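Reader: I have a model open and would like to learn how to read its features one by one. Could you walk me through it?

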Amino acid sequence: MNYLDFEKPLAELEGKAEELRAIARANEEAHVEDEAAALDQKAADLLVELYGSLTPWRKCQVARHPERPHCSDYLSNIFTDYTPLAGDRGFADDHAVMGGLARFKDRPVVVIGQDKGNDTATRIERNFGMARPEGYRKAIRLMEMASKFNLPVVTLVDTPGAYPGKGAEERGQSEAIARSTEMCLQIGVPLVSVIIGEGGSGGAVAFATGNKLAMLEHSVYSVISPEGCASILWKDSDKMREAAEALRLTAQDLQKLGVVDRIVDEPLGGAHRDRAATMDSVSNTIAAMLDDLQGMDAAALIKARREKFLAMGSKGLAA
Amino acid sequence: MACCTPRIAALIAIGAKGLYLPLKELRRKGTAMNWISNYVRPRINSIFSRRETPENLWSKCDECGTMLFHRELSGNLNVCTSCGHHMAITARDRFEALFDGGIFTEVDVPQPVADPLQFKDQKKYPDRMKAAQKDTGEKEAMLVAEGEIGRTPIIAACQDFSFMAGSMGMYVGNAIIAAAQRAVDTGKPLVLFSAAGGARMQEGILSLMQMPRTTVAVQMLKEAGLPYIVVLTHPTTGGVTASYAMLGDVQIAEPNALICFAGPRVIAQTIGEKLPEGFQRAEYLLEHGMLDRVTKRTEMKAELVQIIRMLMHMPPPVMGDLPKPDSAELIEPDVEAADTDASDGEPADTSKAEDVKE
Ligand SMILES: [Zn+2]
């Protein structure tokens, strides 16, 4: 288990309990079960306390947790017949973006998402979830196909942002993001999105501009990273806690602002502490969002999407 | 301020005199002119307030270092007459030069909720807004207007980099939506001049949501079959580039404009190597297939007229000086008189201003 800095006391308690149990296993004479159970209880109480009131910055940390379930985990757990489709037909296949055909509860859909990778090798392969123009162009191609064959689109958003690189800029990062957002708005099929970790700026908008948007309880969605905001507005990147607070990037604040439609509850201690439960909740939420759009034709879906964004933000936090 | 000599005080006095005279002139025209003075005075004020301070009488080109007389520079749309470097120009100045006879009507922009996140960094957002409003005399970072260019009716929207770096928040989004709506309602094309450091961080997620909102505006134009022309000016970066500024039917940039998603500094940090000469500049983007054209500001109007008239199936533009629209004749002579009054005093100041700089 990978512990976050604020989970240090928790790590100590859980570590001690584990140690006691190891002693018990080695020596049958040692009666430490009661003691271990007491530590477990303490750890459980602490977990409730810590996760009952996560600050915005701590939520950012949880959202970026290396063991948090990633796009590939959802693809293999809540979809069947996942058939990856590759390439932008112009330059390359971007491995930061996964996508293709799949069945969701038996129904064929197009699924697209960013994946950050689960270990060093896959993190590098996936470029830490930071797409290049090819990734957005692959998404555009898949959304067009979905629209042509009347398949709903499900997007899973998890990216620190679009990749800031020389080649990415030369090949039109801005244009690719703009066109992907445009495609999100013009397809005549349901588009539902879930922010499963980090919704980083324009790189997230290009996938998340749908009819319905859900966020995991401890995921974040922001115009800029708290560190980036802190270094610009506070001239001090260590002020990320203050910046995270000010930016209102939590699922809870975003729901108040009318940006997010649903919040998916996470298991106590974050999505990574009970992956199976997380998968179930996300699956149920996707199903509910698709149900909400049942019976709407192409024109109605496009109109609803536009009206949603045109009205967005008109009331501020009072929405 | 070692340079603060009596000469500067003298210059300020001359500037103030310049400001005073034409207003007195206007007042002498009596009550019938009241509406004109009410209408024209703010414009005259803005013309003269720019000339009040001595450092504004002369500008140094940041590219070649040539000292340029303010009037000469503004007459050339803030393009250096020596090296062709394009300096910043406010939205209002751009419109005055763009529209025939400098005549345009502002299109109303719905006012968004103020400070929607109750954002506070080291300063409160409303305080930053007030400061920007005071500095620029503008309400927000985008101006929308309708009028004619080369007798071709258009709607134009222009982002003002001098207002909080032209950053895109709810107001800018509302402005683009209002511009597109007005274009659709009147069947006119939309010309959008972009300039922005990116999103307005103080509006958090709501600034990010202007990417989809403005994209809806572009789609409204597309559906109505109306041209949407983007003129990218220095600098256009971040979420602005990654939405409405890259979705034009025709993409034109001013020379040497920085146009990017991620800024050169961020990229240099990421890849840890030196970036090529001219990276992310207009000419570089043109070469990489991201733009249709790179056009000098001084030639932009003629080019826009030519392109729009073809896209709108209108006959070719009439070349040469057109007579001013009738409505202009009521107002223009006074403004020009005011201008002339001011410039009369200026040649005499020239030597003094040079002395100050030396
Ligand atoms: Zn110059």
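Reader: How far apart are the centres of domain 1 of chain A and domain 2 of chain A?

Author: Domain bounds here come from an automatic or database domain assignment. In this predicted model, the two centres, taken over C-alpha atoms, are separated by 36 Å. Domain 1 of chain A covers 5-53, and domain 2 covers 60-318. On conventions, residues are numbered from 1 along each chain as its sequence is written, while chains are lettered from A and ligands numbered from 1 in the order in which they are written. Because the model is predicted, local features need pLDDT of at least 70 and side-chain atom pairs count only at pLDDT 80 or more, whereas totals for chains, interfaces and linings use all residues.

Reader: What does the secondary structure of chain A come to?

Author: Helices (H or I, at least four residues) and strands (E, at least two) are DSSP runs, numbered from the N terminus. Chain A has 14 helices and eight strands. Its radius of gyration is 21 Å, close to the 20 Å that the globule rule gives for 319 residues, so chain A is as compact as a globular protein of that length. That radius is taken over C-alpha atoms, and the rule is 2.2 Å times the number of residues to the power 0.38. Along the principal axes, the C-alpha atoms of chain A fill a box of roughly 70 × 50 × 40 Å.

Reader: Is A:Asp81 buried or exposed?

Author: The test counts other C-beta atoms, placed from the backbone, within 10 Å of a residue's own: 20 or more is buried, 12 or fewer is exposed, and in between is partly exposed. A:Asp81 is exposed because 11 other C-beta atoms lie within 10 Å. With 17 of them, A:Phe128 is partly exposed. Of the 319 residues of chain A, 51% count as buried.

Reader: How many residues of chain A are in contact with chain B?

Author: Two residues are in contact if their C-beta atoms, placed from the backbone, lie within 7 Å. By that test, 44 residues of chain A meet 41 residues of chain B. The largest share of chain A's side, nine residues, comes from α8(A). By class, that side has 23 nonpolar, 13 polar and eight charged residues. Here Ala, Val, Leu, Ile, Met, Phe, Trp, Tyr, Cys and Pro count as nonpolar, Asp, Glu, Lys and Arg as charged, and the others, Gly among them, as polar. The predictor gives the complex an ipTM of 0.95 and a pTM of 0.85.

Reader: Which residues of chain B does UniProt list for "binding site"?

Author: UniProt positions are given in the numbering used here, feature names are shortened, and annotations may be inferred rather than shown by experiment. The unreviewed entry lists B:Cys61, B:Cys64, B:Cys80 and B:Cys83. Although spread over 23 residues of sequence, they cluster in space, with a largest C-alpha distance of 8.6 Å. UniProt also places "zinc finger region: C4-type" (unreviewed entry) at residues 61-83 of chain B. B:Cys61 lies in the loop between β1 (58-60) and β2 (67-69) of chain B, and B:Cys80 in the loop between α4 (70-75) and α5 (91-98). B:Cys80 is buried, because 21 other C-beta atoms lie within 10 Å, while B:Cys61, with 18, counts as partly exposed.

Reader: What pLDDT does chain B average?

Author: pLDDT is the predictor's confidence in each residue, from 0 to 100. Chain B averages 80, and 73% of the residues score at least 70. Over residues 1-53 of chain B the pLDDT is below 50, and residues 331-358 are also below 50. Where pLDDT is low, the predicted coordinates should not be read in detail.
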